[in-house]
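User: I have a protein model open and would like to understand how it is put together. Could we go through it step by step?
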Amino acid sequence: MTPRVMAYRVRHEDVPDTSEAFERAAALPDGPEKDRTRGEIVCAWLPMADRLAGRFRHRGEALEDLRQVAAIGLVKAVERYDPHRGTAFESFAVPTITGELKRHFRDRLWSVHVPRRVQELRARVRDARDELAQRHGNMTPTVEEIARHAGMTEDEVGLGYEAMECFSVLSLDVSLTAVEEGPTLGDSLGVRDEALDAVVDRESVKPRLRRLPDREKKILYLRFFRGMTQSGIAEDLGISQMHVSRLINDSCARIRRDVLRDVA
């Protein structure tokens, strides 16, 4: 850190006077010197960015990660700030950094996908709850009180409360009972039914199977549903194995042709 930046931080702590550095950066062409000057400004304002990050520390994210997000917002503010507009840098930087932090929570930390409308309900419920709690001596307000205060329905308040739990999720290994070796949350979830892929094929084939002659239907049933060999079917029906093979091939080819024709 350069001596100039140290002077900023000692004299002004959280809100340093970097107007001269901004003027100098604005006059410089893009290049290493301009980047270095902006870097000095960023270092000088980092304490303020850290303070803004601290406001979000109780929302399920590590403070160090929040500081990094705030620092990114600070860098963006320094790059976009125009000292000739007459606005103090602090007035420009605070909403920029705060917006970056809020965007971080909105876009990165949801453990499950939550629609934007529900995210907005969550923010309204949280703000109303905090305001009422502060007003009533930290007493937790009821759903009805929050709804009335925020101009929401009680169902919307319920959705907002549910969304507050979406930053963290339970492990699938969590036990559903007090028994250590009991069923877990993962055991209660459904699994993919591989047979679903064959549903359309089965339904397409059914009417074609019904139209087959009785002997062909029986041969296909014995072969594909009873698992009999062609020689076993031939012995059962009193015909040759070659004849059974030809009937199976002809029946399957006919069904396949009919299905493909209907699809086309």
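User: How many residues are in the largest nonpolar core, and which have the most contacts inside it?
Analyst: In this predicted model, the largest nonpolar core has 23 residues. Those with the most contacts inside it are Phe22, Trp45, Leu74, Val78, Phe89, Ile97 and Leu101.

User: What does Phe89 touch, not counting residues up to four places away in sequence?
Analyst: Phe89 touches Phe22, Trp45, Leu74, Ala77, Val78 and Tyr81.

User: Which residues does the second core include?
Analyst: That core is separate and has 12 residues, including Ile219, Leu222, Ile248 and Ile255.

User: Changing topic, where is confidence lowest, and where is it highest?
Analyst: Helix H1 (residues 3-12) is lowest, with a mean pLDDT of 39, and helix H3 (residues 32-54) is highest, at 93. For the protein, the mean pLDDT is 82, and 85% of its residues reach 70 or more.

User: Over which residues does pLDDT stay under 50?
Analyst: It stays under 50 over residues 1-12, for which the model has 19 contacts beyond four places in sequence. Where pLDDT is low, the predicted coordinates should not be read in detail.

User: One last topic: how many disulfides does the structure hold?
Analyst: The structure holds 0 disulfides.

How values were computed. Residues are numbered from 1 along each chain as its sequence is written. This is a predicted model: local features need pLDDT of at least 70, side-chain atom pairs count only at pLDDT 80 or more; totals for chains, interfaces and linings use all residues. Side-chain values use heavy atoms; hydrogens and water are left out. pLDDT is the predictor's confidence in each residue, from 0 to 100. Helices (H or I, at least four residues) and strands (E, at least two) are DSSP runs, numbered from the N terminus. Contact means heavy atoms within 4.5 Å. A disulfide is a pair of cysteine sulfur atoms within 2.5 Å. A nonpolar core is a set of buried Ala, Val, Leu, Ile, Met, Phe, Trp, Tyr and Cys residues joined through side-chain atoms within 4.5 Å. Buried means under 20% relative accessible area, exposed over 50%, partly exposed in between (1.4 Å probe, protein chains only).
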